[in-house]
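User: I'd like to go through a few of the labels used for this model and see where each one comes from. Could you set the values against the cut-offs for me?

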Amino acid sequence: MKQFFTNYIENFRGLSREIWLLSLVTFINRAGAMVLPFLSLYLVNAKCFTLPQVGWIMTSYGIGSLLGTWIGGRLTDKIGFYKVIIASLFLGGLGFIALQFLDTFYTICIGMMILSALADAYRPAIFVACDAYSKPENVTRAIALIRLAINLGFSIGPVIGGLIIARINYSSLFWIDGITCVLAALLLFLVLKPKAMNEGHTKQTEAVKEGISPYKNALYLLLVLIMILSTITFVQYFSVLPLYYEQRHLLSEELIGLLLFLNGVLIVLFEMPIVGWLERINISKSMATFWGMILIALSFLVMNLTSWSGVLIIGMVLMTLGEMVGSPFANALALSMAPKGRKGTYMGLYSMSFSMAHIVGHNSGMNLVDQFGYDFTWYVMAFVLLVVAAMCIWLYRLLKKSKDYVIY
């Protein structure tokens, strides 16, 4: 145990103070993010919407997210990631508080669109912040630390959220989520001054015209397509799966929160050691992404093997392993393919892949379940992930042959 602890701490050495501060702020923000895991349950149980209606509401969330990440990426290159992160956290917090007061289908669709546009401008900015405050050899671990902060907060949030729903009501979730976003913005404003961040941003913007547009970079567009398809399946864990846990396995909100807590705990304990080990064996970023897709595909397949509720834990473990192996390296690969001065635009497009997946993923998952049931839906998701895994191998070979990229 002592050796494990020593090795675990070793994985964090060399990361800058700014990365730790950004991670702390991200943790505070994500610890309050307890609305999203229960949003589909809230819309069905509290608002009495049908599954297709919930799908369209989540599609609205994806459209807003797409707009927000695009604007966030452009603004990051123009005004710097500091201002984008602060504004996104603060305005997104106010948006979460306001969302609870919307009642009709159309107003909630519009509200979700505006909220996600504000909140997801954060995505490309935080990636660029990681790159600006890390040595090249530390970028993957810096991203992994940010992800660890996200998941540590996200593991606590659902547990608290489930208890709040059971003991109080859904409305309290919106207040807590909104307030923590505002507090995260204020903390970042106090502990990380814009002058220090502008120095890093200046270095990036000296060569704004360097490199080609991400929209003309065929290999980068292939990576974005891989992320869109894989995230379409991944978002099921935040909309369709909570309903599956409740309706098929009769889990309460408290138990659903604990199951999601398992995801966060595993990431906090094992992601940094796994990333460190994979870096030491020199696995390529694209092949790490490949193995991540295989593991997530298995997480969907195992749920169709038995009606025993314990299989949900096995599925969650497999999904979490896939996330830990694939996500940090996919993010780092995207950053390594982005030329200096265009990282905001590149990471904006990369983050837009998650938004596009939100547009399609929740809606398609809800409608597949509504028409064909859960078992068929899980087979479809696994098949999509196997296709994506094959695309990862294709990307690996193309990058290996390309003269433009050393890291693949």
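User: What makes Ser-299 count as buried?

Analyst: Buried means under 20% relative accessible area, exposed over 50%, and partly exposed in between, with a 1.4 Å probe and protein chains only. Ser-299 comes out at 0%, so it counts as buried. It is found in helix α14, residues 285-301 (helices are DSSP runs of H or I, at least four residues, and are numbered from the N terminus). Bear in mind that this is a predicted model, where local features need pLDDT of at least 70 and side-chain atom pairs count only at pLDDT 80 or more, while totals for chains, interfaces and linings use all residues. Residues are numbered from 1 along each chain as its sequence is written, and side-chain values use heavy atoms, with hydrogens and water left out.

User: Which side chain does Ser-299 join in a polar contact?

Analyst: That of Tyr-237, at 3.0 Å. A polar contact is a pair of N or O atoms within 3.5 Å; within protein, one must be able to donate a hydrogen and the other to accept it, and residues adjacent in sequence count only if both atoms are side-chain atoms. Leaving aside neighbours within four places in sequence, Ser-299 is in contact (heavy atoms within 4.5 Å) with Tyr-237, Gly-315, Leu-318 and Met-319.

User: Why are α5 and α9 called roughly antiparallel?

Analyst: The axes of α5 (residues 81-99) and α9 (residues 171-191) cross at roughly 160° and come within 7 Å. Axes are lines fitted to C-alpha atoms, for helices over the stretch in contact, and angles run from 0 to 180 degrees between N-to-C directions. Under 35 degrees counts as roughly parallel, over 145 as roughly antiparallel, 65 to 115 as roughly perpendicular and the rest as oblique. Therefore α5 and α9 are roughly antiparallel to each other.

User: And what makes α4 oblique to α7?

Analyst: The axes of α4 (residues 51-79) and α7 (residues 122-132) cross at roughly 40°, and that makes the pair oblique. Thr-69, Gly-72, Gly-73 and Thr-76 of α4 meet Arg-123, Pro-124, Ala-125 and Val-128 of α7.

User: How do you know that Leu-250 is exposed?

Analyst: Leu-250 has 70% relative accessibility, so it counts as exposed. This residue is in the loop between α12 (240-247) and α13 (253-280), and its phi is near 60°, a positive value in a residue other than glycine.

User: What about Asn-282, buried or exposed?

Analyst: At 67% relative accessibility, Asn-282 counts as exposed. Asn-282 is found in the loop between α13 and α14.

How values were computed:
Helix = DSSP H or I, 4+ residues; strand = E, 2+ residues; numbered from the N terminus.
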